[in-house]
Structure formats: C-alpha cells, structure tokens
Amino acid sequence: MNKNEMNTGTIRPSTLEHWDNIKNWLSRNLKGDVVIWVIVAILSLVSLLIVYSATGTLAYQRGGGYPETFLFKHIFYTSMGLFVMWWVHRVNYTYFSRLSRAALLISIPLLILVKVAGVTINGATRWLAIPGTGFTVQPADFARLALIANLAAMLAKRQRVEYSWQVFGKMILWVGIICFFIALTSTSTAVLLGLSCFLMFYIGRVPGKYLMAMIVAIGITGGLGLVAGQRLETAIGRIERFLDNDEYQAKQGFIAIANGGTFGQGLGNSHQRNYLTQAYSDFIYAIIIEEYGLVGGVFIMFLYAILLVRGVQNIGGTNRAFGGLLSAGLTLSIGLQAFTNMAVAVGAFPVTGQPLPLLSMGGTSVFFTCISVGIILSVSRGETDESAI
C-alpha cells in the first residue's frame with residue numbers, strides 16, 4: 001500500500017481479491033459451525049506449543065535430548081487427525097447410522113483381543129499393535145464412537161413410539177456389553193462412556209423407570225468388568241490415595257498450578273514437567289496453568305464449554321432426531337473427558353489416566369476425537385438424506 005492509498009484509506013483491488021479468494025475457499029472447504037472450527041484451530045495450536053514444552057524431559061530420557069522428536073510426532077498425528085476431521089465433516093452424517101451396527105460388532109472382538117494380546121503402556125493394557133508399522137491403536141475409542149452412533153440411531157427411531165422393556169432391553173444390552181469389555185482394561189473410560197449414554201437417553205426422552213434400570217445395569221456390568229479385569233487394584237489404590245491426599249502425580253500437579261499464579265511462568269518455563277511423568281498427556285492441563293497461568297487455564301476451560309454448548313445445540317438445528325442425538329452424544333463424550341481431565345489436574349477427582357481431547361499428545365485419542373468432531377461438524381451443516389433414518 002503506497003502513501004496515497006494510506007492517506008485516502010483505500011485498499012488495492014488485488015488485496016480485496018486476495019481476501020475474497022480466501023473467504024471463498026474457506027466457505028467451500030470448511031463447512032458447518034464456524035465457532036467449532038475456530039475452537040479446534042485454537043486448541044490444535046495450543047496443543048503444539050504445550051506438547052513441545054511438556055516433552056522436554058521425556059526427550060532427554062527417550063529421544064536423545066531432542067524435544068523436536070516428539071513435537072514432529074505430535075504434528076504428524078495432529079495433521080492426520082485434522083485431515084480426517086475435514087474429510088468426515090463433508091460426509092452426510094446419516095451414513096454413520098448405517099455403519100454404526102457393523103462398527104459395534106467389530107469393536108467387541110477388538111476389545112477381547114486387547115485383553116488377550118494387548119500392548120501394555122505405563123502399566124495399562126489398552127492398545128493393540130498394528131503388525132509391521134510400529135503403531136498402536138486403542139479399540140476402546142473405536143467402541144465408544146460406534147456405541148454412541150448406534151444408540152443415537154436406535155433412540156431416533158423411537159422418538160414417536162412408546163417404549164417397552166423389550167425395546168429398551170436391546171439398547172441397555174449393547175451399553176452393558178461395551179462397558180463390560182472396556183472396564184476390563186480402563187475403568188474411567190467405561191464410567192465416562194456409561195455416563196455419556198445415560199445423558200443421551202435422558203436427552204432422548206427415555207422414561208424415568210428405564211433410566212433407573214439403565215443405571216443398575218451399567219453399574220452391574222461395569223463392576224463385573226472391573227472385577228474380572230486388570231484395573232481393580234489400581235482403581236482402589238487411586239481412590240485411597242485421593243482420599244488420603246497421597247497421590248504423587250496430583251501433588252506435583254498442585255505445585256505446577258501454584259507456580260502458574262495468575263499469568264503463568266511463560267511458554268517453555270514449566271518446572272514440574274520434570275516431575276510429572278504424564279506432563280504431556282494426563283496432566284497437561286496442570287502444565288498449561290503453570291505456563292499460561294489461571295487466565296490460560298480458564299480460557300481453555302471456556303473453549304471446551306463453548307464446544308459442549310455448540311455441539312448439544314445441534315439438537316435444535318437438525319431436521320432429524322438422529323443428527324441431534326449423534327452430535328449431543330459425541331459432544332458430551334468429549335466434554336466429559338475434558339472436564340474429567342481438568343478436574344484431576346486441580347485435585348477434584350482421583351487420577352483417571354484420561355487425556356485432554358485435542359490437547360494431549362497421543363495417536364488413537366487424537367484420531368478418534370477428530371473423527372467425532374468431524375461428525376459433529378457434519379451434523380451442524382444441516383444436510384440430511386431422505387433415504388436414511
């Protein structure tokens with residue numbers, strides 16, 4: 001822009017055309033709820049910054065002293081996740097109803113296989129190795145997505161039909177089976193999934209007597225899975241240490257939060273990353289507060305709250321019950337996981353091992369969270385298929 005243009009306040013036509021081209025490209029390629037896209041962009045950027053900082057000590061222990069090793073790995077997973085999110089958001093969400101039952105049937109043998117031949121990481125056997133690739137996947141994330149989609153389809157078909165114990169029994173059976181197998185290896189994931197399903201049933205206007213039956217059924221099946229699985233002693237120990245205020249990770253998290261104060265120590269200046277063994281995952285929120293302060297912590301919490309509200313609001317913005325229930329279920333699942341992670345970091349809950357969605361370093365977690373957000377964005381587009389539900 002030359003001096004004459006600055007004095008007259010005009011902008012060169014080429015500049016206007018450039019911005020118009022950008023706007024047109026965005027409108028063609030990034031459809032759906034703009035607010036959700038902005039939240040995802042902010043969380044992804046913060047994730048790259050905080051993971052790079054939080055993995056400094058881990059890099060010296062495992063990566064030869066180069067934090068960039070883990071940063072590049074996280075960039076790869078995040079980029080792949082965002083690409084999958086973009087691709088999924090362009091798919092008509094009604095197709096997921098047709099795929100949900102098959103996905104649910106596939107998830108059961110995968111969950112059983114984890115129990116039999118799973119890979120153990122940090123004392124938990126939740127992953128399956130992909131032969132010849134060096135990658136691992138967590139079937140519980142796939143099962144959670146499949147169950148929520150299938151429940152949304154079943155509930156949508158019965159919005160105008162009177163419930164019966166026979167109809168409801170089929171729904172609760174699926175919830176019980178999946179929660180049972182997940183509880184074998186991950187107690188907190190099973191609990192959060194059960195709670196997400198309960199809220200979906202409540203939103204889907206399931207009568208109270210069936211909701212009470214659901215609570216009992218999930219409690220029994222989840223409890224049996226916990227007893228029959230590998231996490232009973234771990235769960236009891238974490239609860240006892242929480243009640244006695246004797247959890248090492250939690251204490252280190254408190255110190256990180258105290259160090260952060262109002263405005264934080266600044267990016268890369270965390271001290272507790274040297275003591276928190278899961279600084280880049282389970283306790284990443286404590287590192288965020290240490291480096292960005294209470295202001296940064298509240299801002300991140302605010303973003304998740306807005307994401308939760310926008311996802312649930314899709315119930316009123318879709319033409320079919322399936323879309324609203326699907327969006328609400330997936331959003332509730334992400335929101336419950338996020339607020340559980342943050343509650344653990346500030347000492348309100350026992351340690352659970354749940355990562356912070358879209359922020360923690362990970363592979364399967366990032367991938368399936370991005371798929372879920374992609375489906376939520378697809379629902380927010382408002383497109384339906386008359387041949388579907």
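Predicted model: local features only at pLDDT ≥ 70, side-chain atom pairs only at ≥ 80, totals over all residues.

Reader: Which element gives the most to the lining of the second largest cavity?

Author: At least two lining residues come from each of α3 (34-54), α5 and α15. α5 spans residues 68-89, and His74, Thr78 and Leu82 are among the residues of the lining. With 3 residues, the element that gives the most is α5.

Reader: Now I am curious about the helices themselves. At what angle do α5 and α15 pack?

Author: A pair of packed helices is described by the distance between the axes and the angle between them. For α5 and α15, the axes are 8 Å apart. α5 passes α15 in a right-handed crossing. The angle between them is about 25°.

Reader: Is α5 then roughly parallel or roughly perpendicular to α15?

Author: The two helices pack at an angle of about 25°. Angles under 35 degrees count as roughly parallel. Therefore α5 is, relative to α15, roughly parallel.

Reader: How many charged residues are there in the contact of α5 with α15?

Author: On the α5 side, the contact includes Tyr77, Leu82 and Met85, and on the α15 side it includes Phe367, Ile371 and Leu377. Thr78 in α5 and Val366 and Cys370 in α15 belong to this contact, and these three residues also line the second largest cavity. The contact has 12 nonpolar and 5 polar residues, and the number of charged ones is given as no charged.

Reader: What is the volume of the largest cavity?

Author: A search of the whole structure finds 4 cavities of 30 Å³ or more. The largest cavity is lined by residues that include Asp141, Arg144, Phe368 and Ser372, with α7, α14 (321-345) and α15 each supplying at least two. The lining divides into 5 nonpolar, 5 polar and 2 charged residues. The space in the largest cavity is about 130 Å³.

Reader: Let us turn to the pockets. Which residues lie nearest the centre of the largest pocket?

Author: This pocket holds about 1,300 Å³ of space. Among the elements that give two or more residues to its lining are α5, α7 (139-157) and α15 (364-380), along with the strands β2 (124-129) and β3 (136-137). The lining divides into 19 nonpolar, 18 polar and 10 charged residues. Of the 47 lining residues, those nearest the centre are Ile121, Trp127, Met361, Gly362 and Gly363.

Reader: And which element gives the most to the lining of the second largest pocket?

Author: The second largest pocket has a volume of about 410 Å³, and 17 residues line it, with Thr187, Ser188, Val191, Val351 and Thr352 nearest its centre. The lining divides into 9 nonpolar, 5 polar and 3 charged residues. Both α9 (187-203) and α11 supply at least two residues. With 5 residues, the element that gives the most is α9.

Note on methods. Residues numbered from 1 in each chain as written. Heavy atoms only, no water. 1 Å grid on protein atoms, 1.4 Å probe; cavity = no way out; pocket = protein on both sides within 12 Å on 5 of 7 lines; lining within 4 Å. Points joined across faces, edges and corners; volume = space filled by probe spheres on them. Helix = DSSP H or I, 4+ residues; strand = E, 2+ residues; numbered from the N terminus. Nonpolar A, V, L, I, M, F, W, Y, C, P; charged D, E, K, R; others polar. Axes fitted to C-alpha atoms, helices over the stretch in contact; angles between N-to-C directions. Parallel < 35°, antiparallel > 145°, perpendicular 65-115°, else oblique. Left-handed = near helix turned anticlockwise from the far one by under 90°. Contact = heavy atoms within 4.5 Å.
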